[in-house]
Amino acid sequence: MLNRRRSVPAAVLRFVVLLLGALLALVPFYYLIIGALQKRRDTGILGLLPLPRNLTLDNFAGVDGSINLIRSLLNSLIMTAGVVGLTLVFGLLAGYALAVLSFRGQGLVFALVLLVQAIPFQLLMIPLYVMVVRYFGLADSYFGMILPFAVNSVAVLIFRQYFRQIPPDVFDAARIDGAGEVRILISVAVPLVRPAILTAMLVTFIGPWNEFLWPFLVTKDASMQPLAVSLANFSQANSTFQANPMGAVLAGACVLAIPAVVLFVLFQRHFTSANLGSAVKG
Amino acid sequence: MRRVATAATATLAVLAVLALAGCGSGSSGGATATALTSGPIDIWYSTNKQEITWAGKVVKAWNDQHPDQKVTAQAIPAGKSSEDVIGASITAGNAPCLVFNTAPAAVPAFQKQGGLVNLSSTFDDAEKYITARSGAAADGFRSPDHGLYQVPWKTNPFMLYYNKDVFKKAGLDPAHPKLATYDDVLAAAKAIKDSGAADVAIYPPATADYTNVNFDFYPFYLANSGGTQLIKDGKATFTGEQGMQTLKFWQTLYANGYASAEAYSGDMWAGPFADGVAAMGVAGPWGKAQFDGKVKYGVVPIPTAAGKAADATSTFADSKNIGLFTACKNKLTAWEFTKFATNDQNDLALLETTGQFPTRTDVPELAAAFLGKNAFFEPFAAAVPRAVDVPNVDSLTERMQTFRDAWTSAVQSGKGDLPKTFGDAAGTIDGL
Amino acid sequence: MGSRALPAASRPGRRLQRLLGEHPLGLVLSTPYTAFVVAVLLVPFGFGVWMAFHDFFFTAPGVRVPHPFVGFDNFRRVIGDRAVRQAFGNLLLFLVINVPLTVVLALLLATGLNAVTRWKAFFRVAYYIPYVTASVATLAVWIFLFNSNGVVNKALGDLAPDPSWLANRGLIMPLIAVYVTWKNLGFSVLLYLAALQNVPAELHEAAEMDGAGRWQRFRAVTLPGVRPVTSLIVLLAIITTGQIFTEPYLLTGGGPRGASMTPALLMYQKGIQQGQPDIAAAIGMLLVAGVMILTLVSRRVTEGRR
């Protein structure tokens with residue numbers, strides 16, 4: 001619509017800026033992959049090039065020989081799915097309540113949301129660990145790993161922000177039509193914030209997926225450890241015995257990063273598909 | 001908004017009281033254990049491949065003989081945070097029975113938490129067994145109350161590794177390098193830097209973590225001072241003449257760019273030397289497994305200000321010991337297994353499998369055949385009796401952190417008033 | 001909290017409404033979250049508050065040690081400690097760099113991305129990749145780029161800083177701030193992008209009809225349209241700043257000379273490595289208070305009119 005009328009130089013400039021940004025974002029990732037494939041570590045500028053003579057898959061084999069990659073990946077998947085599921089349910093309900101409804105204690109709930117985010121995890125870690133392990137008996141269990149991540153206030157804030165962007169008339173119209181609040185939430189509000197659901201998903205899944213310290217504390221049984229934990233242990237303890245230690249560490253980091261990137265590539269188009277504005281008008 | 005704040009404060013106050021009540025009603029007993037029992041136990045060991053192999057064999061041999069006292073073994077993460085994890089699991093009450101990799105630096109903290117069993121007072125034969133095996137070294141690990149809360153297990157005396165190819169390129173003698181005194185090292189460092197044979201002369205882990213003291217200052221200070229520990233009789237010792245010499249030496253290394261104060265991208269302990277970035281590196285006998293096939297190296301004793309004979313040079317022991325934790329249900333089995341794992345046969349196997357020395361007085365005799373075949377390990381074996389570890393004093397980690405902070409500010413920066421900075425640090429350390 | 005106009009509710013509900021607010025359902029909907037927060041975070045937090053006022057350290061189950069009440073002693077020690085003050089100062093420096101950089105760059109890229117028709121998916125993925133990659137990996141690459149013999153210094157030649165980036169007291173915290181901005185930028189871009197797509201095109205067209213230039217349209221239509229997202233991004237930036245831990249933990253251990261020390265890392269050192277959770281808790285309380293105050297201020301500023 002508007003784009004067609006815009007000038008060519010502006011479009012070129014825009015494209016160049018975007019490309020520059022993309023390059024800055026991608027170079028380190030590219031280096032991660034190259035580093036993982038190097039036979040010998042090359043820290044020079046030439047090391048940035050994929051020299052065929054210096055390429056190998058040995059680093060990946062080395063990691064797989066030290067830790068059970070499949071089992072660790074599965075653990076990561078279960079833990080992450082649990083966190084995302086709980087976060088979405090809690091976040092949608094609380095975000096809707098905070099943004100659309102008005103009730104006593106609303107301010108308190110919102111203050112709580114902010115407080116939760118403001119508390120540094122280092123402060124809670126040991127008391128929480130003692131509770132989870134000593135009193136709840138959740139050591140070496142998926143639920144123990146999931147627990148502290150399930151209260152992700154970022155998701156609540158995202159949902160609250162998106163619900164607030166929906167014009168109030170939409171809800172009022174539904175109310176006049178006689179729909180109950182629960183109905184409104186499920187069949188009116190949730191479909192309208194579909195992009196927010198995906199955003200919240202993509203935002204929350206990455207935390208537990210890459211998290212090291214907490215699952216590390218909770219799991220003593222190696223077969224329960226998620227990939228980030230196994231990899232950290234590997235890179236801190238065993239990697240120096242590999243032919244190319246840094247290569248092995250980067251190979252591990254690749255295994256950790258690739259599922260996340262693939263997932264994102266698969267879902268990224270949904271960020272555009274639901275155009276909230278036109279949905280409201282339609 | 002004010003109402004919200006008040007409500008939030010009130011909620012927190014209630015919660016605090018609840019938490020307080022919850023703490024008071026903790027379980028009782030445990031610390032004052034009654035009869036010692038036998039039965040299944042679980043243990044943790046270090047995660048490097050060599051030690052996994054060793055532990056696997058030892059555990060299997062034990063389990064074959066003791067089906068009713070099964071040992072379940074598993075690797076602990078040997079990374080940066082393993083002491084932190086053990087500390088947390090002491091509090092939670094799920095620490096294993098034994099950890100075959102307890103860092104002496106962490107023992108005072110574990111003991112304060114009530115996490116470690118006082119072996120001396122718990123097992124009748126503990127004092128006799130430990131002192132017979134480790135000799136005088138055992139006394140170095142005694143806690144302030146004179147009890148032994150750890151079994152001295154293995155010692156990895158630090159030596160100075162140097163890269164033969166780099167030395168050759170820099171015009172230095174690769175077979176018999178002159179590295180006895182601080183001036184020798186500085187001269188070699190200058191030659192290396194001027195020739196561009198390596199990026200830096202030496203590259204110890206550069207981050208401000210307290211444990212890194214053991215990789216730069218401490219081994220050199222022990223060598224220079226004839227084995228004086230960082231803290232003696234409750235007082236910091238590094239402000240003496242020998243300490244100042246070592247501090248000045250390292251400051252010069254950093255000031256001239258012979259050492260790098262930057263974080264290393266990769267394994268910060270063994271990486272710089274293994275990757276050929278640094279011409280020299282401090283490491284224990286385990287360095288062999290990490291450097292073989294990567295660089296050609298030689299080994300010399302840690303240099304001192306005026307130069308000392310190898311057989312008179314103290315060094316850092318980098319010991320790892322065995323801790324028996326109070327959470328253990330079957331302490332008798334744990335103790336019996338400890339003795340089993342440290343008997344002649346298994347100690348020898350430790351050396352042969354991992355290249356690490358059992359902390360015992362008779363290594364030269366016990367391992368005569370192995371040392372005869374592996375000349376590389378001989379100087380390390382000779383250094384074991386002169387290897388010294390960190391002092392066993394209260395608030396050790398905090399004191400080491402204080403030292404480390406002074407180090408990053410006056411030594412790594414290459415400039416700074418050494419007597420003043422470290423005098424202040426010593427004052428803080430003495431006051432803790 | 002703005003309440004929304006509603007048709008009158010049924011009579012028997014009136015009483016309940018006066019007691020619980022217009023929509024008592026809100027309480028029900030927020031209960032799962034609240035209950036979870038209380039159980040998992042507030043109880044340990046309350047414990048932390050208690051610790052901050054007592055002489056406390058963690059012990060094994062069954063070990064009894066007196067934990068005397070010490071009033072504000074822990075706080076006095078913490079505030080008197082130069083390292084603590086430096087750590088908080090570092091956070092402020094971080095915030096001053098991170099927030100404007102994030103908002104400006106993310107909005108710039110998102111606006112461009114919203115207008116561009118080709119390679120849209122590629123850009124979106126590219127920007128998000130640093131966010132999904134584990135810090136251990138991305139930090140390794142940054143060290144490679146910024147060490148004294150690294151690509152950046154080689155490109156700068158004589159202009160390279162001395163001491164180099166990672167060992168330079170004046171540059172390490174800005175570098176960490178730029179790194180964190182870089183790593184999290186993709187997330188902010190996506191938030192802005194989603195918000196931009198919700199700004200009705202008609203508003204732009206109407207403004208254009210009125211003869212508004214591109215910059216005027218941006219200021220009059222786009223900026224107000226993405227205001228809630230800006231507010232959210234600033235909020236999240238303040239919150240993440242308070243928790244900066246991984247970067248100095250992996251990169252510097254807080255050095256050189258405490259120049260990259262953060263309260264969260266200090267808490268880890270004191271509370272977990274040095275066995276002084278009471279001191280760590282006092283630092284934590286100060287941090288929480290600081291973050292809360294900044295959050296409220298930023299909410300006033302960015303959500304102004306509401």
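Over which residues of chain A does pLDDT stay under 50? The stretch in question is residues 272-282 of chain A, for which the model has 14 contacts beyond four places in sequence. Here pLDDT is the predictor's confidence in each residue, from 0 to 100, and two residues are in contact if their C-beta atoms, placed from the backbone, lie within 7 Å. The structure is a predicted model, in which local features need pLDDT of at least 70 and side-chain atom pairs count only at pLDDT 80 or more, while totals for chains, interfaces and linings use all residues. Residues are numbered from 1 along each chain as its sequence is written, and chains are lettered from A and ligands numbered from 1 in the order in which they are written.

The mean pLDDT of chain A as a whole is 80, with 89% of its residues reaching 70 or more. Among the elements of chain A, the lowest mean pLDDT, 34, belongs to helix H15 (residues 276-281), and the highest, 92, to helix H6 (residues 142-146). Where pLDDT is low, the predicted coordinates should not be read in detail.

Chain A contains 15 helices and zero strands; helices (H or I, at least four residues) and strands (E, at least two) are DSSP runs, numbered from the N terminus. Of its 282 residues, 54% count as buried, a class that requires 20 or more other C-beta atoms within 10 Å of the residue's own, whereas exposed residues have 12 or fewer and partly exposed ones fall in between, with C-beta atoms placed from the backbone. Contacts in chain A with a separation of 6 or more are accounted for to 77% by residues 24 or more positions apart.

An automatic or database domain assignment divides chain A into domain 1 (2-56) and domain 2 (68-241 + 250-279). Four residues of domain 1 of chain A are in contact with four residues of domain 2 of chain A. The domain 1 side of this contact has three nonpolar, one polar and no charged residues, where Ala, Val, Leu, Ile, Met, Phe, Trp, Tyr, Cys and Pro count as nonpolar, Asp, Glu, Lys and Arg as charged, and the others, Gly among them, as polar.

An unreviewed UniProt entry lists several spans of chain A as "transmembrane region", including residues 184-207 and 248-267; such annotations may be inferred rather than shown by experiment. Residues 184-207 of chain A are 96% helix and 0% strand, with end C-alpha atoms 31 Å apart. For residues 248-267 of chain A, the corresponding values are 100% helix, 0% strand and 29 Å.

Between chains, 90 residues of chain C are in contact with 84 residues of chain A. Helix H2 (residues 25-52) of chain C supplies the largest share of the chain C side, 17 residues. By class, that side divides into 67 nonpolar, 20 polar and three charged residues.

Within chain C, Val221(C) is found in helix H10 (residues 214-225). Val221(C) counts as buried because it has 21 C-beta neighbours inside 10 Å. Beyond its neighbours within four places in sequence, Val221(C) is in contact with Val199(C), Leu203(C), His204(C) and Ala207(C).

Chain B has 19 helices and 14 strands. Buried residues make up 55% of the 432 residues in chain B, and its C-alpha atoms fill a box of roughly 70 × 70 × 35 Å, taken along the principal axes.
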